[in-house]
Amino acid sequence: MHPELCGDSKPEGEHQARYRRLFARRLLRWFRAHGRRYPWRETREPYRIFVAEFMLQRTGAQQVLPVYMQFVKRFPTLHDAAEADGKTLRGILWPLGRVERYKILRRALLYLAGELKGKLPSSLKKLLKIPGVGPYTGRAVLVFAHHRRLGLFDPNIYRVIGRVFGFVSTKQRPHTDSSMWRTVDDLMPKGRSREMNLALLDLASTICRTRRPIHEKCPMQDICAFYGRARSEATHVH
Ligand code: SF4
């Protein structure tokens, strides 16, 4: 247990708040040194952010990278992309697998360029009306394009916060659990949601992996419930 959290006689709520702040500080520091760089992380352009988030749905960043680069080179603006025919989009999106998603992207681009007059909405309710946009993608657009203080939640982020804090969803499909979404929202320090979400995604994918997490390189080692338990079990066995 980290000394900052030891011998704490403060009420539970305050203790939790300190725990969350410590987690955020550690994670942001780690991210500054180890965060991954992708072109969609460098842009503030809503159209590019939307395209990237759409492609990243259930697809790894390394697989998305060349496809995204080709896409934005070929279609530098939303207007260009909305004019593309299905066959062209299909060809570009082909390496991502789940080939039929080009149809959804096409519908989304037409909806954005037509119905929404080229403007990505800043309300989740409106974003969810765009074809192919679910709660994760909608929130990602709000965080990365509109700088909103919101957390992203997917199985990878669930794994990290579940391990560190011991959070467990009561739902069989945790991503449908609104209390989990609120939990990640609470982890976001003011004005730092963008980096914090990216940091969580990077920690999940490079350190706190599903199999063989690299505890020894993790900045959360001494405050992680999962690691603490694993260590004490190992001590008792020996
Ligand atoms: S200490 Fe291990 S289990 Fe805990 S967050 Fe880090 S990598 Fe994951």
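A nonpolar core is a set of buried Ala, Val, Leu, Ile, Met, Phe, Trp, Tyr and Cys residues joined through C-beta atoms within 7 Å. Buried means that 20 or more other C-beta atoms, placed from the backbone, lie within 10 Å of a residue's own.

This is a predicted model: local features need pLDDT of at least 70, side-chain atom pairs count only at pLDDT 80 or more, and totals for chains, interfaces and linings use all residues. Residues are numbered from 1 along each chain as its sequence is written.

The largest nonpolar core holds 60 residues. V51, V141, I157 and L200 touch the most other members. Domain 1 and domain 2 both contribute residues, so the core lies between them. Domain bounds come from an automatic or database domain assignment.

| Domain | Residues |
|---|---|
| Domain 1 | 3–34 + 150–237 |
| Domain 2 | 39–146 |

The domain centres, taken over C-alpha atoms, are 29 Å apart. In contact (C-beta atoms, placed from the backbone, within 7 Å) are 7 residues of domain 1 and 7 residues of domain 2. On the domain 1 side, 3 are nonpolar, 2 polar and 2 charged.

I157 touches L152, V184, L200 and A204, leaving aside residues up to four places away in sequence.

Now the helix pair. The axes of α3 (residues 46–55) and α9 (residues 135–146) come within 10 Å and cross at roughly 145°. Axes are lines fitted to C-alpha atoms over the stretch in contact, with angles from 0 to 180 degrees between N-to-C directions. Helices are DSSP runs (H or I, at least four residues), numbered from the N terminus. P46, I49, F50, E53 and F54 of α3 meet T137, A140, V141, F144 and A145 of α9.

Key:
A residue is buried if 20 or more other C-beta atoms lie within 10 Å of its own, exposed if 12 or fewer, and partly exposed in between; C-beta atoms are placed from the backbone. Two residues are in contact if their C-beta atoms, placed from the backbone, lie within 7 Å. Helices (H or I, at least four residues) and strands (E, at least two) are DSSP runs, numbered from the N terminus. Ala, Val, Leu, Ile, Met, Phe, Trp, Tyr, Cys and Pro count as nonpolar, Asp, Glu, Lys and Arg as charged, and the others, Gly among them, as polar.
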